Amino acid sequence: MAADLEEKTDRYGELLAEALEAASVAPPEGTPMAEAAAECYEMAASYLEDGRHFREGDDLVNALASFSYGHAWLDAGARIGLFDVPTEGHLFTV
């Protein structure tokens with residue numbers, strides 16, 4: 001079971017990193033929605049950093065939770081139009 005958790009944690013970390021690279025702010029710069037997008041992006045990036053920190057310490061549960069929360073910020077932002085994201089593939093649920 002530990003091997004399953006380790007594989008899933010690593011997979012989710014890679015997924016979040018890939019999703020961050022694929023997402024771009026959709027609203028025009030200088031608008032309140034662009035600010036909201038930037039904040040959501042920052043939250044996702046912070047959760048990636050946290051997850052990597054936990055992963056380095058072999059805290060797989062908190063690493064997986066951090067990666068999952070980070071991806072949720074991006075996914076929610078994509079659903080409400082804060083991010084331009086790929087509509088095909090496995091990164092987003094749009």
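1. Aspartate 10 counts as partly exposed in this predicted model, its relative accessibility being 29%. Its partner in a salt bridge is arginine 55, with the closest N and O atoms 2.7 Å apart. That pair links distant parts of the chain, since aspartate 10 belongs to helix H1 and arginine 55 to helix H2, 45 residues apart.

2. Arginine 55 also forms a salt bridge with glutamate 6, where the closest N and O atoms are 3.1 Å apart. Glutamate 6 lies in helix H1 and arginine 55 in helix H2, so this pair ties together parts that are 49 residues apart in sequence. With a relative accessible area of 18%, arginine 55 is buried, whereas glutamate 6, at 37%, is partly exposed.

3. Through shared partners, salt bridges join Glu6, Asp10, Arg55 and Asp58 into one network. The count of salt bridges comes to four.

4. Within helix H1, the side chains of glutamate 7 and arginine 11 meet in a salt bridge at 2.8 Å, N to O. These two residues are four apart, about one turn of the helix. Glutamate 7 is partly exposed at 42% relative accessibility, and arginine 11 is partly exposed with a relative accessible area of 42%.

5. Turning to the nonpolar side chains, the largest nonpolar core has 18 residues, and those with the most contacts inside it are Leu74, Phe83 and Phe92. Helix H1 (2-22), helix H2 (32-56) and helix H3 (60-79) each supply at least two residues of this core.

6. Leaving aside residues up to four places away in sequence, phenylalanine 92 touches Ala19, Ala22, Ala23, Leu74, Asp75, Ala78, Val85 and Pro86.

Definitions and conventions:
Residues numbered from 1 in each chain as written. Predicted model: local features only at pLDDT ≥ 70, side-chain atom pairs only at ≥ 80, totals over all residues. Heavy atoms only, no water. Core = buried A, V, L, I, M, F, W, Y, C linked by side-chain atoms within 4.5 Å. Buried < 20%, exposed > 50% of the residue type's maximum accessible area, 1.4 Å probe, protein only. Contact = heavy atoms within 4.5 Å.
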